Every structure is written in C-alpha cells, then in structure tokens.
Amino acid sequence: MTLDPNTYSQLAFERREDGVLLITINNPAKYNAADEQLHGELARVWTDVSKDPQTRVAVITGAGKAFSAGGDLDMVERLAGDHERVSHMLNEMSDLVYNIINCEKPIVSAINGVAVGAGVVVALLADIAICAEDAKLGDGHVKLGVSAGDHAAIIWPLLAGMAKARYYLLTGEMVTGAEAERLGMVAKALPRDQVLDESLRVAHTLATGSQQAIRLTKRSLNSWLRTAGPTFDASAAYEMLCFMGPDVVEGAAALREKRAPKFPSTQS
C-alpha cells in the first residue's frame, strides 16, 4: 500500500530523501484549526504512514504561523448536545491517539507555533517533539466547559509529572515551548526558524538507522502509553459526556463573543 495524498484535503505531503515524509497541516487561514475534516485526516493518516512502504519516518508541522490552533469553533457548536456526532467523535478521538501510538514508523513533530486541541495531541504523542521556544501549547478543555480528554490523561503526567499535569489541565493555562522543554514535555526547544530544519535532521538520522531496532524501541517505549489505555478511554468518555451538558454551550458562546464564560454549573 502506498499513501495516496489525493485522499487528503487538509494535509499536504512532501517526500524527502531517505524515506522521510513531511506532512504539513495545511489550513493556515484558520491557523490550522481542526474541523471535522482535519480531525478525521489526522486520525487516519498514521495508519497510512505505518503501511506505506516508501516512508521510514514522518515529520509533521503546520503551515503558516501555527501548528494547529485547537478545535474549530463551528465544529464544537455542532457537537454540543448531538449524541450521534459525539459518539462518532469518541471513536475518532480514540483512533487519533491509538493510531499515533501504534504507528510502526517513528513520528517527529515540528511544533512551529501554537498547538491546542487535536494539534497538541499530535505534537505531544509524537515520538520526538521539537518545539519553537515561543510556541504555546495547551489543553484548554476546561475553559470550554468539557473535561480534558483527548490525550491529556495518557501523556501529560508521564511527560510533565502529576503535579504539573494537574496544574495545567485543571487551569487550562498554556505552556511556552521553552517551559515545555524545561518540564520534559518536548525533546528540544529552539528559535522558530530552526524548528523544521532540526526536525528534518533528526528524521534523516532515524531514517538511516537500523529500522527494526528503531521501530521496536518505539514499540517498547509506547508500552507505557498502552498500559495507560484505560485511563485514556475513561477520560475520552468523560469529555464526550460533557459535550452533552450545558456548560460547553456557554463556553463556546463565550469564546465566540470574546468574554469570560458564565458556566451554568457555577450559577447556584
């Protein structure tokens, strides 16, 4: 099987030497925010990468100034209270996380700017994350009125430690790339204009190394994440449960109107 770029509309592909595949999240006008189309493409691309005989290593980055600036607000509003959409998203969210974890090939994330929502899922679950020092990473679910679900419980405590994971996930505050490196959440933080070049350099190192040794090392390390699978499964279900409640409606409205939310759960 060869990965077919024509089956993707919001991901662009460029084959580099030594089997390095550069994937670019390509909707810069919306800062690469994830709508239903992009979310679905990010979920399935890792299965295609894993099966693609021409690819040894994948590098993913964002077009323009952002890596991926969270979930598209229109999508959030369509999800709220819609059981069928929420059920589909729960399945797709699981595919996104587990397809990255189980992808046979190593993945390098070149985090060139803000990474939120599905973007930070890919950014932090990648095997090697290289981040711009001034980029901002975060899981803002609680600010929207839903629990942190899509990747946070499975990876933030492992990378940053439980105390920092609790702080950032309960407050929804953002982390700079420089701070993310200090916390151990990313492998390197560099000036923005060096991020892609360094990511490609690392990718070429991986692509010219022993493929079985590298792939089996990835599989072994990701056993930590597979062990935490039940924690992720529960957190994903909790997030989708919140989409059936009233707080997310107010959270989305507040974001659209650029004001502080007044969540129904606080009005007592």
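Predicted model: local features only at pLDDT ≥ 70, side-chain atom pairs only at ≥ 80, totals over all residues.
Residues are numbered from 1 along each chain as its sequence is written, and side-chain values use heavy atoms, with hydrogens and water left out.

Let's start with the sheet. There are 6 strands in an open sheet, and the order is β1-β2-β3-β5-β7-β10, with mixed pairing. When I say strand or helix, I mean DSSP runs numbered from the N terminus: helices are H or I with at least four residues, strands are E with at least two. And two strands pair if DSSP finds at least two bridges between them. At the edges you have β1 (11-15) and β10, each with a single partner strand, so one side of each has no neighbour in the sheet. From one strand to the next, the twist averages 20 degrees.

Now walk along it. Strand β2 (residues 20-25) runs parallel with strand β3 (residues 57-62) over 6 bridges, and there Val20 sits opposite Val57 in β3. Helix α1 (residues 36-51) packs on the sheet and touches β1, β2, β3 and β5, where contact means heavy atoms within 4.5 Å. Its direction makes about 175 degrees with that of β2; axes here are lines fitted to C-alpha atoms, for helices over the stretch in contact, and angles run from 0 to 180 degrees between N-to-C directions.

Further along, β7 pairs in the parallel sense with strand β5 (residues 107-111) over 4 bridges, and with β10, also parallel, over 3 bridges. If you want landmarks, Val108 faces Ile128 in β7, and Cys131 faces Ala189 in β10. So how covered is β7? Mostly: 4 of its 5 residues are buried. Buried is under 20% relative accessible area, exposed is over 50%, and partly exposed is in between, using a 1.4 Å probe and protein chains only.

Next, helix α13 (residues 247-257). Its buried residues are Asp247, Val248, Glu250, Gly251, Ala252 and Ala254. What covers them includes α2 (73-79), α5 (141-144) and α12 (229-242). Just after α13, Lys258 takes a positive phi of about 55 degrees.

Last topic, salt bridges. That's a side-chain nitrogen of Lys or Arg within 4 Å of a carboxyl oxygen of Asp or Glu. How many turn up in the whole structure? The search finds 16.

One pair I like is Asp127 with Lys218, with the closest N and O atoms 2.9 Å apart. Asp127 is in the loop between α4 (118-125) and β7 (128-132), and Lys218 is in helix α10 (residues 211-221), so the pair ties together parts 91 residues apart in sequence. Is Lys218 buried or exposed? Buried, at 6% relative accessibility, whereas Asp127 is partly exposed at 29%.

Then there's Arg192 with Asp134, at 3.2 Å, N to O. This pair also links distant parts of the chain, 58 residues apart: Arg192 is in the loop between β10 (188-190) and α9 (195-207), and Asp134 in the loop between β7 and β8 (136-138). Arg192 is partly exposed at 36%, and Asp134 is partly exposed at 49%.

Finally, Glu36, Arg78, Asp82 and Arg85 are linked in a salt-bridge network. That's my tour, thanks!
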